[in-house]
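Here is a short briefing to read beside the sequence and the model. It goes topic by topic.

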Amino acid sequence: MPGEYRLKITMLGDGAVGKTALTIRFTEGGFQADYKRTIGTDFALKDLQLKDLNASVTCVVWDLAGQPRFETVRQGFYRGARGGLLVYDVTRRRTFLNIDNWKNECFSNLANPIPLIVVANKVDLADSRVVSREEGEKYAKKHKFLYVESSALTGENVEEAYFALCRIILMEGKARATEANRNS
Ligand code: GDP
Ligand code: MG
């Protein structure tokens, strides 16, 4: 897939799971205890190279502050999205149970399903962890999503999650293009 791409990626998940922390860690590096800067829908840019695919990618990472209240905000958030991170907080089971709702909301706002990656965040908080790796992996496997354990605090697997998603988006695009050629 040689070429230049601009990929819109949506951050999905309940409040305080670490969507903004992951986005900032990926696009700017670093971590803050408090992210008051997220107002409504916001996005951040990050350029990356997928050398094996000979592809230059500009990630446009869209983040929401809490639950979007208005349908119009929601539609704009999902419009044109090519992939998403389904984020939950391993110290709060409720946030894990809710990723399925986020997946459904995302897909119901799009004509076609897009690649999603399940991101089990805050694994640095090992002592208060309540959702196991097995449970997360089981959910991911059921939906054929990739599963990643991350920490926006330490930076563990943060870049890897976005890189893996971009790679999947480009590979799936290639598969679709091949399919279209075959059918024509
Ligand atoms: P959002 O509502 O999903 O955007 O969540 P935020 O990014 O605002 O994070 C919510 C809180 O969790 C903040 O206090 C962050 O500092 C904290 N946080 C986010 N990610 C991590 C992580 O990986 N580990 C730890 N220990 N705290 C995190
Ligand atoms: Mg946020």
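A residue counts as buried when its relative accessible area is under 20%, as exposed when it is over 50%, and as partly exposed in between. At 11% relative accessibility, Glu-149 is therefore buried by that cut-off. The model is predicted.

**Ligand 1 and its shell**

- The shell around ligand 1 holds 19 residues, of which Ala-16, Lys-19, Thr-20, Ala-21 and Asp-124 come nearest.
- By type, the shell divides into nine nonpolar, six polar and four charged residues.
- Helix α1 (residues 19–27) supplies the largest share of the shell, three residues.
- A backbone N or O atom of Ala-16 sits 2.6 Å from an oxygen atom of ligand 1.
- For Gly-18, a backbone N or O atom is 3.0 Å from a ligand 1 oxygen.
- Thr-20 uses its side chain: an N or O atom there is 2.8 Å from an oxygen atom of ligand 1.
- On its own, ligand 1 has 580 Å² of accessible area, and the protein covers 82% of that.

**Salt bridges**

- Side chains of opposite charge can pair when their charged atoms come close.
- The whole structure contains eight salt bridges.
- One of them pairs Asp-52 with Arg-167, with 2.7 Å between the closest N and O atoms.
- Asp-52 belongs to the loop between β2 (41–50) and β3 (55–64), and Arg-167 to helix α6 (residues 158–183), so this pair ties together parts 115 residues apart in sequence.
- Asp-52 is exposed, at 55% relative accessibility.
- Arg-167 is partly exposed, at 29%.
- Another salt bridge joins the side chains of Arg-92 and Asp-89, at 3.1 Å from N to O.
- Are these two partners buried or exposed? Asp-89 is buried at 2% relative accessibility, whereas Arg-92 is partly exposed at 31%.

- Glu-137 and Arg-133 form a salt bridge, their closest N and O atoms being 3.2 Å apart.
- Both residues lie in helix α5 (residues 133–142), four residues apart, about one turn of the helix.
- Glu-137 has a relative accessible area of 33%, so it counts as partly exposed.
- Arg-133 is also partly exposed, with a relative accessible area of 38%.
- Glu-149 is in strand β6 (residues 146–149).
- The side chains of Glu-149 and Arg-129 make a polar contact of 2.7 Å.
- A polar contact of 2.5 Å links the side chain of Glu-149 to that of Tyr-147.

**Helix faces**

- Gly-136, Tyr-139 and Ala-140 are buried in α5.
- These residues cover an arc of only 100° around the axis, so they sit on the same side of α5.
- The face of α5 turned away from the buried side carries exposed residues: Glu-134, Lys-138, Lys-141 and Lys-142.
- In helix α4 (residues 99–108), the buried residues are Ile-99, Trp-102, Lys-103, Glu-105 and Cys-106.
- Seen down the axis of α4, the buried residues fall within an arc of 165°, so they line one face of that helix.

**Positive phi angles**

- Most residues other than glycine have a negative phi.
- Ala-16 is not a glycine, yet its phi is positive, about 70°.
- Ala-16 lies in the loop between β1 (3–12) and α1.
- Ala-16 counts as exposed, at 57% relative accessibility.
- Ala-16 is also one of the residues that come nearest to ligand 1.
- Lys-122 is not a glycine either, and its phi is positive, about 75°.
- Lys-122 is found in the loop between β5 (116–121) and α5.
- Lys-122 is partly exposed, with a relative accessible area of 22%.

How values were computed:
Residues are numbered from 1 along each chain as its sequence is written. Chains are lettered from A and ligands numbered from 1 in the order in which they are written. This is a predicted model: local features need pLDDT of at least 70, side-chain atom pairs count only at pLDDT 80 or more; totals for chains, interfaces and linings use all residues. Side-chain values use heavy atoms; hydrogens and water are left out. A residue is near a molecule or strand if one of its heavy atoms lies within 4 Å of it. A polar contact is a pair of N or O atoms within 3.5 Å; within protein, one must be able to donate a hydrogen and the other to accept it, and residues adjacent in sequence count only if both atoms are side-chain atoms. Accessible areas come from the Shrake-Rupley method with a 1.4 Å probe; for residues, only the protein chains shown count as cover. Helices (H or I, at least four residues) and strands (E, at least two) are DSSP runs, numbered from the N terminus. Ala, Val, Leu, Ile, Met, Phe, Trp, Tyr, Cys and Pro count as nonpolar, Asp, Glu, Lys and Arg as charged, and the others, Gly among them, as polar. A salt bridge is a side-chain nitrogen of Lys or Arg within 4 Å of a carboxyl oxygen of Asp or Glu. Buried means under 20% relative accessible area, exposed over 50%, partly exposed in between (1.4 Å probe, protein chains only). The arc is that of the directions from the helix axis to the C-beta atoms.
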